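The following paragraphs guide a new reader through selected parts of a protein model. Please keep the sequence and the structure in view while reading.

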Amino acid sequence: MAALISRALAFTTVVVLIGALPWLSGNSPEYTVLRARYADRPATPEVLAQVRAELGLDRGPVAVLADWASGVLAGDFGTSWISGRPVLPGVLDALGVSLTLMGAALAVALVVAALVCVPTVLNGLAGRPSRGAGAAAAALTALPEFLLAAVLLIVVAVWWGWLPPYGWRGPEHVVLPALALGLPAGGLIGRLLTTALAGAFTERWVHTWAVAGHPHARIAAAALHRALPGVVGQLALVVVGLTGGAVPVEEVFAIPGLGRTLLGAASSQDIPVLQAGVLLLLVLAALCGALAALVRRTLLGPAARSGDLPVPGPAPGRRRAWWTVPAVSGALLLGSIVAGLLRDPYTSAHARLEAPSWALPLGADASGRDVLARVGHGALDTLGLALVVVAACLVIGLVAGMTGAWSTGPVEVTNAAPPIIAGILVVAVAGPSAAGAALAVTLVSWAPLAAHTAALAAEISARPYVRVLPLLGVGRGRVLAGTVLPALLPEVARHAILRLPGTALAIAALGFLGLGQQPPAPEWGLLLAEGIGYVERAPWTVLGPAGALVLASVLAVSLSSADGARRTSRPGAGPAATVPVPIPGSGLVGAAAPGATTSN
């Protein structure tokens, strides 16, 4: 019931805010509508008043919203203010395109995630559970989708001629955009699943099954069964994000999807189209969220209600060589930033698109400016602002996720809103600025962290040692703050750091659209946006900022795993040396070990 109420309140709030946009922003859309529908008519006050009356804006926001809501209940989503055609058929067509693209991208993401998880599974079966430094997953997650899309288009479609470069007319048009969307998403899912699998392999039932002679394939399947409940909610969020948040990829490949439709509607203040598209995204988010919750409850089984969930063992240890990844990536990143800070990022002292040389290590951009200098000076703008946003999202996600079912609606609604659409809405009210871009990204980026927190909190609360605390007189608040929160905080913090590159790119994308930081600021996302048109002639214009983003992501993710650097067992020791002492009568196998009957 709490989840249903939460969804209803959140959905209503978003639809009302979008409907009230002309009044909140102070920029009424009658001039835009006049230019689109009646280009031959002069923009006199009388004509504008006539258009305003035709749109119904003279009756006020309450009457307009009431008419729209009554029409939706009757199956009529209204008429486009720009084209004059019914809204629903066009929005449904765009949604169908986005769902097809989402399905293909999700298939790519799951394949990539499975490949990322292979080393963790092999180490866990060998009795050396480890989640690794995460360099591969972090590098994939840091790949800018629009840059990846542009590179795939140029290399695969133009140079090799294997696939069509743009359009949406057959299955061959799905491949390139699915790869551009699926590779970064696969890196994110793979990293989350790798961490969950590493924790599952430290639980005592793994050693019990190994001693009992169960095949490795069965143990691996059971570990996946045990790890999925904490990750399945993120899969639901990825599905919605791939559907409504694929705006840059849809723009590169000229795909008539829902994200591109919403961007056009938001830019032109076509409120009926914007309301209909967002409402469909909200419904999709609610369906995916409900399905994810059902799958999670099914995976956990009766153990979640009886308090028989297994207790993970100590964090996997790491060998000394593990520090190679953060040391190398940190040194390269710091060296490039320091070298760039010693150069002038604004002076056009070089030839246009000059190639890299000893004097110009990363070449020059289209304005003859030193790319290395701009990368170095843009580090604070990019990473500093992204860190602030990630920290704010972490705090909001923890607070919202600990509220349980009451956070369901806000999480689903927030995740359904692409950052670009949120940026347009924020700018319409507050105007363009770097702070506005950061606020827009914060408003839509805390949802995955809240969903992750809620899933982990529910699972930790079902463990035996937590369920017994209320019987000992410990209050609900103390249980959450003193036991549940410390147990889930490291995992959610790692998840937040993993989203650092994506956050930086989201802020940069808003700046490129004129909604955030403006040129000639040397912000990394702006550098990518400025150089993407020259990637075929001068790839060095994007290699510098893209490489810096990848290095920053690898460094952040590998350092986020440093909590396991202390060895908890001798090198080569079996899993029995790394698992906790079993709690008598706790049923440690539970839902995590299907088919087992005892915990000892």
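V151 is located in helix α8, which covers residues 145–159; helices (H or I, at least four residues) and strands (E, at least two) are DSSP runs, numbered from the N terminus. The model is a predicted one, in which local features need pLDDT of at least 70 and side-chain atom pairs count only at pLDDT 80 or more, while totals for chains, interfaces and linings use all residues. Residues are numbered from 1 along each chain as its sequence is written, and side-chain values use heavy atoms, with hydrogens and water left out.

V151 counts as partly exposed because its relative accessibility is 33%; buried means under 20% relative accessible area, exposed over 50%, and partly exposed in between, with a 1.4 Å probe and protein chains only. When residues up to four places away in sequence are not counted, V151 touches V156 and V535, where contact means heavy atoms within 4.5 Å. The C-alpha atom of V151 is also separated by 9.4 Å from that of P539, although these two residues are 388 residues apart along the chain.

Attention now turns to another helix. A180 belongs to helix α9, residues 175–200, and is buried because its relative accessible area is 0%. Apart from its neighbours within four places in sequence, A180 is in contact with E145, L148, A149, L152 and V249.

The aromatic rings come next. A pair of aromatic rings is described by the distance of the centres and the angle of the planes. Rings of Phe, Tyr and Trp (its six-membered ring) pair if their centres lie within 6.5 Å; planes under 30 degrees apart count as stacked, over 60 as edge-to-face and the rest as tilted. By this rule there are two aromatic pairs. One of them is tilted and joins W160 with W162, at 4.6 Å centre to centre and 45° between the planes. W160 is partly exposed, as its relative accessible area is 48%, whereas W162, at 63%, is exposed.

W205 and W209 form an edge-to-face pair, with 5.3 Å from centre to centre and 75° between the planes. These two residues are separated by about one helical turn because they lie four residues apart in helix α10, residues 204–212. W205 is buried, with a relative accessible area of 1%, and W209 is buried at 3%. R218 lies over the face of W209, 5.2 Å from the ring centre; a charge sits over a ring if NZ of Lys or CZ of Arg is within 6 Å of the ring centre and within 35 degrees of the ring normal.
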